[in-house]
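The following is a set of questions and answers on a protein model. Please consult the sequence and the structure while reading.

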Amino acid sequence: MAQSVPPGDIQTQPNSKIVFNAPYDDKHTYHIKVINSSARRIGYGIKTTNMKRLGVDPPCGVLDPKEAVLLAVSCDAFAYGQEDTNNDRITVEWTNTPDGAAKQFRREWFQGDGMVRRKNLPIEYNP
């Protein structure tokens, strides 16, 4: 059963944070790459701390071993300096897919007792 093995590693490019540069009067889109560097198929889901400002497309999916996906992280226009941006971040969650499962994302994989790993990517806003 895939759930008994902890999910392997993923890599993200950039590795540690996402930076958006001013001006913030228009929508910005930044691309990050998520690479499944493990030997098993994984399901991934992206969460954000600020749903009204930040969006990710596609928000979830399935990656075969060594497969990569390019995610578009968008930041909607906002009043820089007037809104709290200190806790903005994107979290990548991933888990092994059940053996024999179709290559189609299922939210249930994250709700059972299988292991889910997380990687936080803080967001930095340059004035």
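The questions below concern strand pairing, salt bridges and aromatic contacts.

The model is predicted, so local features are reported only at pLDDT of at least 70 and side-chain atom pairs only at pLDDT 80 or more, whereas totals for chains, interfaces and linings use all residues. Residues are numbered from 1 along each chain as its sequence is written, and side-chain values use heavy atoms, with hydrogens and water left out.

Q: In what order do the five strands of the open sheet lie?
A: Strands are DSSP runs of E with at least two residues, numbered from the N terminus, and two of them pair if DSSP finds at least two bridges between them. Strand S2 (18-21) and strand S6 (60-63) each pair on one side only and are therefore the edge strands. The pairing is mixed, and the order is S2-S9-S8-S4-S6.

Q: Which residue in S6 stands opposite Gly45?
A: Strands of a sheet pair through backbone hydrogen bonds, either parallel or antiparallel. Strand S4 (residues 42-48) pairs with S6 in the antiparallel sense over four bridges. Opposite Gly45, the residue in S6 is Cys60.

Q: How many residues apart in sequence are the parts that Lys27 and Asp76 tie together?
A: The side chains of Lys27 and Asp76 meet in a salt bridge at 3.8 Å, N to O; the term denotes a side-chain nitrogen of Lys or Arg within 4 Å of a carboxyl oxygen of Asp or Glu. Lys27 lies in the loop between S2 and strand S3 (28-36), and Asp76 in the loop between strand S7 (68-75) and strand S8 (89-96), so the separation in sequence is 49 residues.

Q: Which residue forms a salt bridge with Arg53?
A: Arg53 is buried at 4% relative accessibility and lies in the loop between S4 and strand S5 (54-57). Its partner lies in the loop between S7 and S8, so the pair ties together parts that are 35 residues apart in sequence. The side chains meet at 2.8 Å, N to O, and the partner is Asp88.

Q: Over the ring of which residue does the charged end of Arg53 sit?
A: A charge sits over a ring if NZ of Lys or CZ of Arg is within 6 Å of the ring centre and within 35 degrees of the ring normal. The charged end of Arg53 is 4.4 Å from the centre of the ring in question. That ring belongs to Phe78.

Q: What kind of aromatic pair do Phe78 and Tyr125 form?
A: Rings of Phe, Tyr and Trp (its six-membered ring) pair if their centres lie within 6.5 Å; planes under 30 degrees apart count as stacked, over 60 as edge-to-face and the rest as tilted. Phe78 is buried at 10%, and Tyr125 is buried at 8%. The ring centres of Phe78 and Tyr125 are 5.2 Å apart and the planes stand at 70 degrees, so the pair is edge-to-face.

Note on methods. Buried < 20%, exposed > 50% of the residue type's maximum accessible area, 1.4 Å probe, protein only.
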